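Dear colleague,

Please find the structure below. My notes on the chain and on the ligand site follow it.

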Amino acid sequence: MSPGGDRREFRVAIVGAGIIGLFTAHHLARAGFGPIVVLDRGFLSNGASGRNGGGVRQQWETPETIRLARESVAAYRRFGAEFGYNIWFRQGGYLFLATDALELQGLDRIYAAVRAEGLGIRKLAPEEIPALVPGIRSEGVAGGTYLRQDGTLYPFPAIWALYESVRRAGVEVRLGTGVTGVLRSGDRVTGVTTDPGGELRAEWVVNAAGGWSGDLARRAGLEVANVATRHEILATEPLKRFLDPMVVRLRDGLYFSQTMRGEIVGGLTVRHPPGTGHGVPTSIRFLREMSRALTGLLPRLGPLGILRAWSGFYDDTPDGLPVIGEEERLRGFVEANGFGGHGFMLAPAASRRIAAVLLGERSDLDPARFGPGRFALPGRDHAPERVQLG
Ligand SMILES: Cc1cc2nc3c(=O)[nH]c(=O)nc-3n(C[C@H](O)[C@H](O)[C@H](O)COP(=O)(O)OP(=O)(O)OC[C@H]3O[C@@H](n4cnc5c(N)ncnc54)[C@H](O)[C@@H]3O)c2cc1C
């Protein structure tokens, strides 16, 4: 018997029990769409959903993404009441830091887009920043943007809550069950093969495999633009609380926040070979560069111990936008991936649009900007979301 049950026919098989797969299952189950199975070869939180920094921001460059993020913030505010789990969502703000004039121009774009959506983003002069980040070295800080309603949450209880909620709603979640192949008849998906378990029939297959979504799509015979990139992150020993916002520096991708328990959690961009083939180790190089960057900006941290370091995959796309929609090349195969370093903060709203694809509902997302076919379109805008950080 396969883990979780021996039913072999479902209306939908969702590959990936991360925040995207589970939230999508939640919306579908609520709409009475089923039976649903969620398949994950790992444990709960095995993917990026259990490895991220918990940042939730609404500072973006395109109106569509700002709207998704805004709707998601509202959903996370309701999350505790709706699911009965405290995800420790704290709206302590998000501070983007620019170090030169060019980066300030980038922040100007974000500022204009976010203002146009009616959110209270502020531009900060260098001398205003220490009030938000006590002890910050102002040398090299040219200015920033700040949105008070952005914040951080604790990812694990969000995953646990959704896992329990969807199972209560009748969704089967089979952990330890890898999807090894995608079954098709002509240009229509008919199911998946799993290990353990063998063949499962499904009218719809949702590719919510995070950093492995490209691997899965290719297994279904589809060439896709997604690229997995490994990102490292660490947590320090706890300090007395002094920091409210998530801080993100554009130059090197340094980001950090302070948890309720006082640890500093953050990372910075260190390039590793693309793809999932090298697994998710950590590197001395990251520890060195991160320590240097963090203590350089915040000398008050001094000789601070690192409690834990880990890494996970971003699922990157060439334009920095997620991929949401049914494949025209393989009917019934729905892409729900490409969330880069932002899947958690967009999940509640994005997963509603993913569910809408299966439910046959109209979506407000333009397929030319979010659909799987967009990379083949001529004259497409390649970089609508340029800030691929925290
Ligand atoms: C270091 C780091 C920091 C981040 N910081 C933030 C942040 O501050 N804010 C934010 O919003 N986002 C952040 N992210 C990104 C965010 O974590 C992801 O975008 C999000 O979790 C993606 O969720 P997902 O459900 O699509 O994928 P995942 O959580 O990766 O889940 C995919 C699941 O699919 C399963 N799977 C894959 N292939 C198969 C297969 N063939 N068969 C069965 N199962 C399979 C995997 O086991 C995995 O559990 C960060 C990511 C990393 C790595």
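The protein chain has eight helices and 18 strands (DSSP runs, H or I of at least four residues for helices and E of at least two for strands, numbered from the N terminus). Its radius of gyration, taken over C-alpha atoms, is 21 Å, close to the 21 Å that the globule rule (2.2 Å times the number of residues to the power 0.38) gives for 390 residues, so the chain is as compact as a globular protein of that length. Of the 390 residues, 58% are buried, meaning under 20% relative accessible area with a 1.4 Å probe, protein chains only.

This is a predicted model: local features need pLDDT of at least 70 and side-chain atom pairs 80 or more, while totals for chains, interfaces and linings use all residues. Residues are numbered from 1 along each chain as its sequence is written, and side-chain values use heavy atoms, without hydrogens and water.

Around the ligand there are 38 residues (a heavy atom within 4 Å); the closest are Asp40, Asn46, Ser49, Val179 and Met345. A polar side-chain atom of Asn46 is 2.5 Å from a ligand oxygen, and a backbone N or O atom of Gly343 lies 2.8 Å from a ligand oxygen. The protein covers 99% of the 1,000 Å² of accessible area that the ligand has on its own (Shrake-Rupley method, 1.4 Å probe). Elements giving two or more residues to this shell include helix H1 (19-30) and helix H7 (343-359).

Regards

Methods:
A polar contact is a pair of N or O atoms within 3.5 Å; within protein, one must be able to donate a hydrogen and the other to accept it, and residues adjacent in sequence count only if both atoms are side-chain atoms. Buried means under 20% relative accessible area, exposed over 50%, partly exposed in between (1.4 Å probe, protein chains only).
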